[in-house]
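I'll jot down what I look up, a few residues at a time.

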Amino acid sequence: MSLRGPPADRSPAELLTFGVVNLDKPPGPSSHQVSGWLRDAVVDTLAERGVESTIDRAAHAGTLDPKVTGCLPVMLGDATRLAQVFLEGGKEYVAVLECHAPVPADAESVVAEFEGPIYQKPPRKSAVARRLRVRELYDLEVLETDERRLLLRIRCESGTYVRKLCHDLGLALGTGGHMGHLRRTATDPFDDRTLHSAHDFLDALGFWLEDDDPEPLYDVVDPAERILEGIPSVVIAESAAREVAEGAPVYAPGVLEADDGIDHGALVACYTPNGAAVCLGELAGSVDAESGVVVDLERVLV
């Protein structure tokens with residue numbers, strides 16, 4: 001079998017079947033609808049270009065409610081196998097807390113008390129079981145105050161419900177409160193400095209299809225390896241990568257190099273020497289071992 005080439009050298013079709021778009025989700029459609037629109041656009045474009053390969057799915061990283069805007073990475077084709085990576089990273093939001101009475105003078109100190117671990121129960125309309133759970137608020141900052149509003153920057157663990165946080169903040173402030181506008185500004189490792197609209201994506205597809213100009217596409221779509229930034233890496237030989245493609249774990253003789261200080265049991269990404277992602281796995285043995293399994297497979301990417 002053939003392995004993927006270097007991320008920077010892939011054709012437009014290869015990019016669209018193993019790529020990611022850092023999408024600026026607009027208000028109105030659901031996250032699922034937006035992902036479906038991108039998938040259908042890719043399928044139609046590849047078919048019109050006469051490309052044999054296509055995609056049958058696209059997936060988004062972390063659902064945003066229809067009214068919420070901002071950072072929604074959309075994985076295309078085989079990149080959807082990397083969805084679990086987004087559960088490892090944090091999220092960042094800018095939110096308006098609408099207080100039901102004038103904001104008290106000690107609002108900033110009250111808000112600061114919420115930094116750290118908090119208890120949350122998912123709302124009734126959520127897709128997960130409504131069990132009490134702990135989520136970490138890494139940073140909670142008041143950016144601006146108005147008579148009855150607080151503008152908040154929230155850096156938090158994946159799976160934090162900002163609407164519930166705003167309700168609880170309102171209770172702590174003694175005013176009551178609810179979430180107003182919400183925008184996600186980061187989904188690790190993506191943030192709002194490199195966002196692209198759905199129109200940008202469709203225009204880029206059009207330039208490639210109609211003008212045979214792929215450059216806008218390379219600006220909008222990143223190789224799927226971009227998702228793995230921040231995940232410890234292990235470089236393996238091409239022969240080992242071919243064995244992984246057949247379902248074998250990564251054995252010690254196939255390991256060429258690895259990041260320093262990876263904890264046993266940590267999620268790791270394995271690459272060929274040219275930088276192409278091969279698999280996600282769990283570190284099961286020492287990267288310096290001479291024999292035995294080093295990485296147990298979780299997701300094969302080739």
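Before anything else, a note on names: helices (H or I, at least four residues) and strands (E, at least two) are DSSP runs, numbered from the N terminus. Residues are numbered from 1 along each chain as its sequence is written, and side-chain values use heavy atoms, with hydrogens and water left out. I'm looking at a predicted model, where local features need pLDDT of at least 70, side-chain atom pairs count only at pLDDT 80 or more, and totals for chains, interfaces and linings use all residues.

**Entry: R135**

I found R135 in strand β6, residues 133–145. R135 is buried and has no salt bridge. Buried means under 20% relative accessible area, exposed over 50%, and partly exposed in between (1.4 Å probe, protein chains only). A salt bridge needs a side-chain nitrogen of Lys or Arg within 4 Å of a carboxyl oxygen of Asp or Glu. I looked for the nearest side chain of opposite charge and got E157, 4.3 Å away. (Lys and Arg count as positive, Asp and Glu as negative; His and the chain ends are not counted.)

So what does the side chain of R135 reach? At 3.1 Å there is the backbone oxygen of S158. Leaving out residues up to four places away in sequence, R135 touches several others, including G116, P117, E157 and S158; contact means heavy atoms within 4.5 Å.

**Entry: R10**

I went on to R10, in the segment before α1 (12–17). R10 counts as buried because its relative accessibility is 3%. Its side chain and that of E225 are joined by a polar contact of 2.8 Å. For that term I noted a pair of N or O atoms within 3.5 Å; within protein, one must be able to donate a hydrogen and the other to accept it, and residues adjacent in sequence count only if both atoms are side-chain atoms. The side chain of R10 also reaches the backbone oxygen of G5, at 3.1 Å.

**Entry: V134**

Back in strand β6, I checked V134. V134 has a relative accessible area of 41%, so it is partly exposed.

**Entry: two loops**

I spotted a cis peptide bond between D188 and P189, with omega about 5°. P189 sits in the loop between β8 (177–187) and β9 (190–191).

D212 is in the loop between α5 (198–211) and α6 (215–220). I noted its positive phi of about 55°, although D212 is not a glycine. Is D212 buried or exposed? D212 counts as exposed, because its relative accessibility is 52%.
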